[in-house]
Amino acid sequence: MRVFDQGLLALAAAGGLGLMYKLCTTDRQLTLNVVNELLGLLGAWLRGEQYHGQHHLRGASSSLRPVGQGLADLIGNTPLIRLASLSEQTGCQILAKAEFLNPGGSVKDRVALEIIQEALTEGRLRQGGLVTEGTVGSTGVSLAMCAAAFGCHAFIAMPDDAAIEKAQMLQALGAEVQRLRPVSISHPDHFVNVARRRAAEQPNAVFADQFENVANFRAHLKTGQEIWEQTGGHVDAFVSGAGTGGTIAGVGSYLKQRRPAVRVFLIDPPGSGLYNKVTRGVMYTREEAEGKRLKHPFDTITGSMATSLLRSLFCLESEPFCLPPAFCPLPEGIGINRLTANFGRAQVDGAFKGTDREAVEMAAYLLRNEGLFVGSSAAMNCVGAVKAARALGPGHTVVTVLCDGGHRHMSKFHSPAYLAEYGLTPAATGRGLEFVA
């Protein structure tokens with residue numbers, strides 16, 4: 001900047017310092033920083049020097065976050081990234097919310113934080129209390145972290161054929177973990193029922209109940225707000241799978257509140273009934289109701305509660321027994337066969353079916369072309385984004401969510417031996433998307 005130009009700025013700054021200090025009362029520290037910058041500019045001009053700034057204007061000369069207040073301030077505000085390869089292949093802008101960058105490594109951090117904060121605010125939970133949940137996914141990790149941050153403890157019940165690395169992570173975070181044989185949801189020893197009972201048996205304890213607790217939905221209203229702001233309101237569609245239903249319900253509701261024309265699409269994995277609910281108004285087709293679909297009910301690695309519930313159809317009600325694990329490649333991701341309170345709030349315009357093959361190929365594709373290592377749900381969401389882009393046509397902006405990274409899926413979804421056993425070894429190469437039907 002020329003000295004003459006600096007002089008003009010300095011004179012203007014000097015004349016406005018008093019007025020600015022009087023007006024900027026909402027953030028006194030920011031005001032002082034601005035005053036210091038302007039005084040520095042004025043002093044440099046009087047000395048005939050160039051002024052290079054003090055570089056401490058919050059939000060002005062740095063894109064870094066200000067000092068946060070612990071774990072809670074690290075959750076959310078994740079980047080929205082453009083998936084260049086998918087965008088180029090579809091002619092749409094395909095954007096993905098990088099939720100794997102939350103401190104717990106998944107989108108479930110938002111849900112855990114909201115559930116615990118609401119319980120504390122309402123007096124249902126106090127410091128030193130216990131948070132319980134039955135889960136096969138990332139929610140347990142997020143609850144364990146958030147509980148510790150607020151001086152509480154976590155108890156997580158899970159089926160014993162879930163990926164071992166998840167149980168190990170929970171134990172490392174200080175949670176009490178109970179691994180249980182898979183049984184029917186109606187059995188008292190089903191992992192969800194065990195978690196619910198544990199909370200009821202002692203004071204100062206809450207059952208997180210992520211499927212029915214609409215704090216889940218409320219947490220993702222903020223996710224929707226972030227997407228709206230990050231796109232500047234230029235979003236045509238949002239695509240997501242649904243397990244609890246909180247993400248698709250919360251994000252979709254916020255976006256539609258701001259722009260009713262935004263389309264919300266569900267991507268549903270094998271074994272889940274939500275596609276039928278959205279497209280036909282019922283959870284099952286006639287053929288499924290007659291049991292024909294259950295000929296091979298366990299051949300899915302991307303669903304979650306969906307397959308758990310299908311498996312429970314073959315479990316004895318009175319005994320903790322199920323088919324051998326060799327017949328049950330337990331999935332750990334999205335999908336469900338019942339309506340939850342959270343999904344009940346979703347405003348869904350359409351749905352697509354996804355397959356295990358598409359998800360596995362998409363995960364390999366994203367690593368090959370984007371350097372992104374994602375989990376099964378994130379891969380399926382990107383399959384859905386491609387299908388939505390094709391349905392809408394070129395020129396649209398489609399947003400989805402990268403729920404978590406691939407590091408929690410090493411023993412199954414990202415295991416070459418496991419994939420080969422089920423004939424799912426990825427075979428596609430290059431940047432083409434022929435594997436998405």
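1. Basis of the values. Because the model is predicted, local features are reported only where pLDDT is at least 70 and side-chain atom pairs only at pLDDT 80 or more, whereas totals for chains, interfaces and linings use all residues. Residues are numbered from 1 along each chain as its sequence is written, and side-chain values rest on heavy atoms, with hydrogens and water left out.

2. Overall make-up. The chain holds 15 helices and ten strands, where helices (H or I, at least four residues) and strands (E, at least two) are DSSP runs numbered from the N terminus. Of its 437 residues, 54% are buried; buried here means under 20% relative accessible area, exposed means over 50%, and partly exposed lies in between, with a 1.4 Å probe and protein chains only. Taking a contact as heavy atoms within 4.5 Å, residues 24 or more positions apart supply 72% of the contacts that have a separation of 6 or more. The accessible surface comes to about 19,000 Å², and carbon and sulfur atoms hold 57% of that area, as computed by the Shrake-Rupley method with a 1.4 Å probe, only the protein chains shown counting as cover for residues.

3. Helix α4. This helix covers residues 108-121, and its 14 residues reach 20 Å from the first C-alpha to the last, close to the 20 Å expected at 1.5 Å a residue; the expected span is 1.5 Å times one less than the number of residues. Ten of the 14 residues are buried, so α4 is largely enclosed by the rest of the structure. Just after the helix, G123 has a positive phi of about 80°.

4. E212 and R338 form a salt bridge whose closest N and O atoms are 2.6 Å apart; the pair links distant parts of the chain, with E212 in the loop between β6 and α8 and R338 in the loop between α12 (305-312) and β9 (350-353), 126 residues apart. E212 is partly exposed at 30% relative accessibility, and R338 is partly exposed at 31%. Salt bridges that share partners also join K97, E99, R110, K222 and E226 into one network. The salt bridge between D160 and R181 has an N to O distance of 3.9 Å, and because D160 lies in the loop between β4 (153-159) and α6 (164-172) while R181 lies in the loop between β5 (176-180) and α7, the pair ties together parts that are 21 residues apart in sequence. D160 is partly exposed at 29% relative accessible area, as is R181 at 41%.

5. Cysteines. The count of disulfides, taken as pairs of cysteine sulfur atoms within 2.5 Å, is zero. C92 is buried at 3% relative accessibility, and C146 is buried at 1%.

6. Most residues other than glycine have a negative phi. N204, in the loop between α7 (191-200) and β6 (205-207), has a positive phi near 55° and is buried at 17% relative accessible area. D209, in the loop between β6 and α8 (215-230), likewise has a positive phi of about 55°, and D209 is partly exposed at 22%.

7. A nonpolar surface patch. L367, F373 and M410 form a nonpolar patch with about 270 Å² of accessible area together; patches are built from residues with over 30% relative accessible area and no salt bridge, like charges being joined within 9 Å and nonpolar side chains (Val, Leu, Ile, Met, Phe, Trp, Tyr) within 5 Å. M410 lies in the loop between β10 (397-402) and α15 (416-421) and is partly exposed at 43% relative accessibility.

How values were computed. A salt bridge is a side-chain nitrogen of Lys or Arg within 4 Å of a carboxyl oxygen of Asp or Glu.
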